[in-house]
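Study the display, then work through each solution in order.

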Amino acid sequence: PFRFTVWVQDQRGQESKRTVPYTVAVIRNRDEKVLAQDEGTLRLEPRWLKVEFLFHPTGGDKNAYIKAGDVLQEDGNYSVRLSIEGKPYGTYPFTVKDHSLQLQGRQRREDTDPLEYLTDYVSGGRYRSWWITKAR
């Protein structure tokens with residue numbers, strides 16, 4: 001499945017653990033079409049927590065998840081938009097070219113100091129990852 005990972009925290013600084021609603025969507029920027037989405041609740045704490053989202057096809061089976069190939073089939077600019085408690089939390093833009101996610105920022109080896117380069121794989125190279133900077 002197409003997976004999006006983000007780190008979140010409760011910035012109120014309280015020691016509570018609270019459950020909050022979220023919505024997350026994959027958007028094709030050209031026409032603002034929502035390709036896939038998910039909604040639910042997540043638990044916030046004062047420390048950073050890793051959250052992984054899987055996406056359901058818009059208007060499709062809520063028990064099915066989109067695959068990376070569903071997003072990579074059309075070149076263009078896309079975004080993942082995340083809202084927490086009904087408020088925008090972040091927009092994460094990415095580009096698909098030649099049916100592949102394009103590296104950006106410090107993942108681009110040709111533009112980056114070797115000491116600051118971010119590797120594009122995790123788990124010993126078993127899985128490829130793309131680091132996307134939050135736009136807002």
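A residue is called buried under 20% relative accessible area, exposed over 50%, and partly exposed in between (1.4 Å probe, protein chains only). The model is predicted, so local features need pLDDT of at least 70 and side-chain atom pairs count only at pLDDT 80 or more, while totals for chains, interfaces and linings use all residues. Residues are numbered from 1 along each chain as its sequence is written, and side-chain values use heavy atoms, without hydrogens and water.

**Exercise 1.** Determine whether Phe 94 is buried or exposed, and do likewise for Tyr 78.

*Solution.* Step 1: Phe 94 has 5% relative accessibility and is therefore buried. Step 2: Tyr 78, at 2%, is also buried.

**Exercise 2.** Classify the ring pair of Tyr 78 and Phe 94.

*Solution.* Step 1: Rings of Phe, Tyr and Trp (its six-membered ring) pair if their centres lie within 6.5 Å; planes under 30 degrees apart are stacked, over 60 edge-to-face, and the rest tilted. Step 2: This rule gives five aromatic pairs. Step 3: In the pair of Tyr 78 and Phe 94, the centres are 5.6 Å apart and the planes are at 15°, so the pair is stacked. Step 4: Because Tyr 78 belongs to strand S6 (residues 76-84) and Phe 94 to strand S7 (residues 87-97), the pair ties together parts 16 residues apart in sequence. Strands (E, at least two residues) are DSSP runs, numbered from the N terminus.

**Exercise 3.** Locate Gly 86 and state its exposure.

*Solution.* Step 1: Gly 86 occurs in the loop between S6 and S7. Step 2: With a relative accessible area of 72%, Gly 86 is exposed.

Notes. Helix = DSSP H or I, 4+ residues; strand = E, 2+ residues; numbered from the N terminus.
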